[in-house]
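Hello,

Here is the model I promised to pass on, with some notes on chain B below it. Have a look at the structure before you read on.

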Amino acid sequence: MAKKLRVLVAKPGLDGHDRGAKVVARALRDAGFEVIYTGLHQTPEMIAEAALQEDVDVVGLSVLSGAHMTLFPETMRLLKEKGAADILVFGGGIIPREDMEELYKQGCGRLFGPGTPTTDIVAYLKEKFPDRV
Amino acid sequence: MADELKRIAEERRKWQEGVLGTVPKQGQSPETLSGVPVDILYTPGEVAEFDYLKDLGFPGQYPFTRGVRNNMYRGRQWTMREFSGFGTAKDTNGRYKFLLAHGEVGLSVAFDFPTLYGRDSDDTLAQGEVGKCGVAIASLADMETLFDGIPLADVSTSMTINGPAAVVWAFYLAAAEKQGVPSEKLRGTIQNDILKEYIAQKSWLFPPEPSMRVITDIMAYASKHVPKWNTISISGYHIREAGSTAAQELAFTLKDGLTYVEAGIKAGLDVDVFAPRLSYFFNSHLDFFEETAKFRAARRIWAREMKETFKAKKPESWLLRFHTQTAGCSLTAQQPENNIVRTAFQALAAVLGGTQSLHTNSMDETWALPTEKAVLIALRTQQLIAEETGVTNTIDPLGGSYFVEALTNELEKQAYDYFRKIDALGGMVRAIEHGFPQREIADAAYRYQKQVEDGRRTVVGVNKYTLEGEKLEIPLLRIDPTVEQEQHQRLEDLRKKRDNAKVKKCLADLKAACAGKDNVMYPILEAVRACATLGEICGTMKEVFGSYEEPPMF
């Protein structure tokens, strides 16, 4: 019986727009993954801690506030520092294409913008973790 | 009359038989965005109980269904008011001057996230956020710079601020003071609608009870010193943006409003003194007729509740005045020029719905804050409606449409269904604590997303009429990365120059007022005048009132 994929959906920074994160969290749960949602106003430190505590495989960050170039790298840095560099960090929100490219260079997983069907996100995770449910 | 209705029904039945063979077989009848089934045709039969004088009446008279003013746009056009803010106060001051020069009538301030959360630009949590989503305002000096060269006696200003509303309003009042404008002359609005923060926008500071106390303090202060100021903009916009249906937007917003009225009365205020200064803020979404019906239903419900339930005596207490913003959540990142058209439809629905004030979104808002070009098109959209379409020549032109009246009635009915549910939970504050409106909204948001992914709902450019390998061809606004550093420097200089002993005393006085029963606006203003910062004042208030965080749910 394959182990279920564990995903942490997180809202870093002060951004209070959580419609997308909640819809994605539900879609991932409906697709059979185990989903933990951090809620709002998480610092990268809190997210990295939660990722370890919850023993997740993936962290999905949702940022619509324009602060993504601070929050994504910082979260990835902290995970690495805590010995959890193998946790996939991906995400979505309002992120200009040039910034997406830069974040990919820094090792970030796929970034999904407005209009993305949740099925694309599910497919992406299934492709990344083919041996997991 | 009854005979005529019978004849119409009979003729309709015959007509319908002919139609049924011709329309493509559909699984279900089409629905509005809120799930209200839409019939193929509306006749007098669908509004059989219609009573013109009782249900509609006349503009400017109870129940105000047709409009809050007796002359509506013939007497005074809606205020063109574009929500704006980015970077530093100086940057935004430039944008305001641009918009005013191009015909904008009222100002509307968009603050950055640190400001929205009552934090200074140099707060650790502000890192990366300063000036990105709105303008950074941390002090009276920032507020003065924001309105430099803009006489506050001559404009009305709306400020989208909630948790820290009392403090940011104090910055504005003190800035006006320095311009030599008496507070009695000031016109504007603070959003200050904490209930919808818990439900949807999430920019709260304190828990519900102290938040309501601060709101009633604001209302009391305004009625004495700033009588032309709208103390709350009871908002449905954010509830809708979070994914609610039109019916939920209508119901939850009005229920929030009625809850504020209860709170004001409980605090010992005279309803006829504070109610005329309550205003509303609605979304204008894509389902054209549903939106217009929603605005009309809102006016009628509010009028009835204020008159019959709260027994307010002044007609000014019964009328629902509102600002509208076109629906940001309906815009697409794909083929963004289409957003100009969406916004135009939505703006038209708001005008036909009788809005007092209107913000039209820019086409690039799914990507960034608006460029000058994009916001100019948005402003022109309003001017085109006002000057070229002729729709403002008569009041409530859709009034009497069988469809629109039927929809108005249906939305009103659904709102009352929700009122009953919320009352059964013990009122809106209790309902929020139970997570009821939040869950309804999350469910509606998910349902909508599934409809889009199934193809049951078309989003042009996203799931239909897409462009392969689309490249973004519009310029985007980029926030100068030096903004954050600049703000840090400004705050450092401020803290050096001011009388820090005075600031300390003012904050101590504020703390005492928070712990007691005195109106907090007075000590907040003193602290503001002494150059205490936003973060320092809010931090002091948090020491007494506590902070709030919601239990995560999806």
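Of the contacts in chain B between residues at least 6 apart in sequence, 76% join residues at least 24 apart; a contact here means that the C-beta atoms, placed from the backbone, lie within 7 Å. This is a predicted model, in which local features need pLDDT of at least 70 and side-chain atom pairs count only at pLDDT 80 or more, while totals for chains, interfaces and linings use all residues. Residues are numbered from 1 along each chain as its sequence is written, with chains lettered from A and ligands numbered from 1 in the order in which they are written.

Chain B has 554 residues, of which 52% count as buried (20 or more other C-beta atoms within 10 Å of the residue's own; exposed means 12 or fewer). The C-alpha atoms fill a box of roughly 85 × 60 × 45 Å along the principal axes.

Now to helix H21 of chain B, residues 500–515 (helices are DSSP runs of H or I, at least four residues, numbered from the N terminus). Its buried residues are B:Cys506, B:Leu507, B:Leu510, B:Ala513 and B:Cys514. Seen down the axis of H21(B), they fall within an arc of 120 degrees (taken from the directions from the helix axis to the C-beta atoms), so they line one face of the helix. Their cover includes helices H22 (521–529) and H23 (534–545) of chain B. On the face turned away sit the exposed B:Ala501, B:Ala512 and B:Ala515.

Finally, 31 residues of chain B are in contact with 29 residues of chain A. H19(B) gives the most to that side of chain B, with five residues.

Best wishes

Definitions and conventions. Two residues are in contact if their C-beta atoms, placed from the backbone, lie within 7 Å. Helices (H or I, at least four residues) and strands (E, at least two) are DSSP runs, numbered from the N terminus. The expected span of a helix is 1.5 Å times one less than its number of residues.
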